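Subject: Structure for you to look at

Hello,

Here is the structure I promised to pass on. Please open it beside this note; what I found follows below.

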Amino acid sequence: MFKTHLMFSFLLALILYKYFDLSPYLFIVILVLAGTLPDIDHSKSFIGRRFFIISWIANLFFGHRKLIHSLFFALFIALLIKIFFNNYYIPFIIGYSCHLLLDGLTKQGVRIFYPLKFRIYGFVKTNGIVEKMFLVVLAVANVIYIVKYIL
């Protein structure tokens, strides 16, 4: 679910931004956006509905959880970011990889090395009770972290 990716990415960004010599605000924004971006290849996803044309084209050419959900694609985009925006590829690759990791915990899984057939998958049903409980834990963790370390 978008919310799970968002909360997980945000928590990770809050924890990690201080370890990099980058603008903390840009670090957090890039990591969170990258953590939600791979679902652009599904027109019914939160991000896919907002960028329908891009989503439709991505799904038409690549399908859902295929090329755009691979480390190869993530590394290619990270390289482009490195070339044009220096070290801001770091929050991008962290966020994007976290999305792939979370998708790898689902029953559907993800072909992380697409086009290779290797798939990682777990036991979590997308939008099921386990994911919803995890989302609550993430939300609470975000609030606690903000209160304890930022405010």
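A crossing of two helices is left-handed if the near helix is turned anticlockwise from the far one by less than a right angle, and right-handed if clockwise. Keep in mind that this is a predicted model.

Helix packing

Start with α1 and α7. Their crossing is left-handed. The two axes come within 9 Å and cross at roughly 30°. Angles under 35 degrees count as roughly parallel, so α1 is roughly parallel to α7. On the α1 side, the contact uses Lys-3, Thr-4, Met-7, Phe-8, Phe-10, Leu-11, Leu-14 and Ile-15. These meet a set in α7 that includes Glu-131, Phe-134, Leu-138, Tyr-145 and Ile-150. By class, the residues of this contact are 14 nonpolar, two polar and two charged.

Now turn to α1 and α6. Here the axes lie 10 Å apart, and the packing angle is about 135°. The pair is therefore oblique. The crossing of α1 past α6 is right-handed. From α1 come Thr-4, His-5, Phe-8, Leu-12 and Leu-16. They touch Ile-94, Cys-98, His-99, Leu-102 and Asp-103 of α6. This contact divides into six nonpolar residues, three polar and one charged.

Thr-4 and Phe-8 deserve a look in the viewer. Both are listed in the contact of α1 with α7, and both are listed in the contact with α6.

The largest pocket

Its volume is about 490 Å³. The lining has 23 residues, and Met-1, Phe-2, His-5, Thr-126 and Glu-131 are the ones nearest the centre. Which helix gives the most to this lining? That is α1, with four residues. At least two residues each come from α1 (2–16), α3 (46–50), α6 (89–104) and α7 (129–150). By class, the lining holds nine nonpolar, nine polar and five charged residues.

Backbone points

Most residues other than glycine have a negative phi, and most peptide bonds are trans. Two places are worth checking against that. The peptide bond from Tyr-114 to Pro-115 is cis, with omega near 15°. Pro-115 sits in the loop between α6 and α7. Asn-86 has a positive phi, near 55°. Asn-86 is in the loop between α5 (71–85) and α6.

Best wishes

Note on methods. Residues are numbered from 1 along each chain as its sequence is written. This is a predicted model: local features need pLDDT of at least 70, side-chain atom pairs count only at pLDDT 80 or more; totals for chains, interfaces and linings use all residues. Side-chain values use heavy atoms; hydrogens and water are left out. On a 1 Å grid over the protein atoms alone, a cavity is a set of points where a 1.4 Å probe fits but cannot get out, and a pocket is an open set with protein on both sides within 12 Å along at least five of seven lines; lining residues have an atom within 4 Å of a point. Grid points are joined across faces, edges and corners, and a volume is the space filled by probe spheres set on the points. Ala, Val, Leu, Ile, Met, Phe, Trp, Tyr, Cys and Pro count as nonpolar, Asp, Glu, Lys and Arg as charged, and the others, Gly among them, as polar. Axes are lines fitted to C-alpha atoms, for helices over the stretch in contact, and angles run from 0 to 180 degrees between N-to-C directions. Angles under 35 degrees count as roughly parallel, over 145 as roughly antiparallel, 65 to 115 as roughly perpendicular and the rest as oblique. Contact means heavy atoms within 4.5 Å.
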